[in-house]
Amino acid sequence: VATYGRLDGAINNAGVGQPVKNIHEMSTADWDRVHSIDLRGAFFCMRAEIVHFLKSGGGVIVNTASGAGLKAAPGQGGYVAAKHGVVGLTKQAAIEYVTKNIRVNAVAPGLVATPQFRSYPEDAQELYSAMQPGGRPAEPIEIANAMAFLLSDEASFVSGDTVLVDAAQAQK
């Protein structure tokens with residue numbers, strides 16, 4: 001805002017995973033860490049962005065959820081709950097601010113070839129990739145392209161939605 005005078009769009013892209021543990025095994029510290037970054041982080045960013053958009057006449061927010069924000073995943077209760085929260089927060093903000101020219105959507109990626117994924121042992125990468133119907137993780141640009149669409153004027157009537165970008169993994 002200081003450099004360009006306004007903010008037109010924002011992507012809130014933060015997330016951490018959790019150790020693979022069932023809910024009764026998960027520590028409060030692990031639960032709090034995942035929720036602090038994945039859900040509270042999105043909330044704090046959105047709150048600041050919305051204040052600015054209300055002053056400037058509108059804008060677009062895209063939150064990063066996860067395929068796990070739309071379904072369950074064994075051993076990932078904290079992460080699943082946090083990403084479900086991001087989806088809910090996205091829907092809530094969309095309905096609250098639609099008349100203020102503020103659109104809010106989320107993208108729910110499946111497996112993505114991030115540096116973290118590439119740091120896994122090769123056999124783990126192959127195992128996770130085999131779970132994808134397409135046999136490979138998404139490239140980061142494939143997720144970014146969905147976000148760019150939601151930020152664009154071509155998506156001017158899309159708000160409150162979560163776009164699943166997972167090569168049909170949720171269909172498995």
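These legends describe close-up views of one predicted model.

Residues are numbered from 1 along each chain as its sequence is written. Local features need pLDDT of at least 70 and side-chain atom pairs pLDDT 80 or more, while totals for chains, interfaces and linings use all residues, and side-chain values use heavy atoms, without hydrogens and water.

**View 1. Helix α4 has a buried face and an exposed one.** Helices here are DSSP runs of H or I with at least four residues, strands are runs of E with at least two, and both are numbered from the N terminus. Helix α4 covers residues 122-131. Ala124, Gln125 and Ser129 are its buried residues. Asp123, Glu126, Leu127 and Ala130 are exposed on the face turned away. Buried means under 20% relative accessible area, exposed over 50%, and partly exposed in between (1.4 Å probe, protein chains only). Part of the cover over the buried residues is α3 (115-118).

**View 2. A nonpolar surface patch includes Tyr128 and Met131.** Areas come from the Shrake-Rupley method with a 1.4 Å probe; for residues, only the protein chains shown count as cover. Patch residues have over 30% relative accessible area and no salt bridge; nonpolar side chains (Val, Leu, Ile, Met, Phe, Trp, Tyr) are joined within 5 Å, like charges within 9 Å. A salt bridge puts a side-chain nitrogen of Lys or Arg within 4 Å of a carboxyl oxygen of Asp or Glu. Met131 is partly exposed because its relative accessibility is 38%. Tyr128, at 36%, is also partly exposed. Not counting residues up to four places away in sequence, Tyr128 touches Leu111, Phe117 and Tyr120. Contact means heavy atoms within 4.5 Å.

**View 3. The largest nonpolar core has eleven residues.** Among them are Val60, Val62, Val107, Met147 and Val165. Both β2 (59-64) and α5 (140-151) supply at least two residues each. The largest share, four residues, comes from α5. Such a core joins buried Ala, Val, Leu, Ile, Met, Phe, Trp, Tyr and Cys residues through side-chain atoms within 4.5 Å.

**View 4. Ile11 sits in strand β1 (residues 9-12).** With 38% relative accessibility, Ile11 is partly exposed. Beyond its neighbours within four places in sequence, Ile11 contacts Val62, Thr64, Met147 and Leu151. Ile11 and Val62 are 51 residues apart along the chain, yet their C-alpha atoms are separated by 4.7 Å.

Note on methods: Arc of directions from axis to C-beta.
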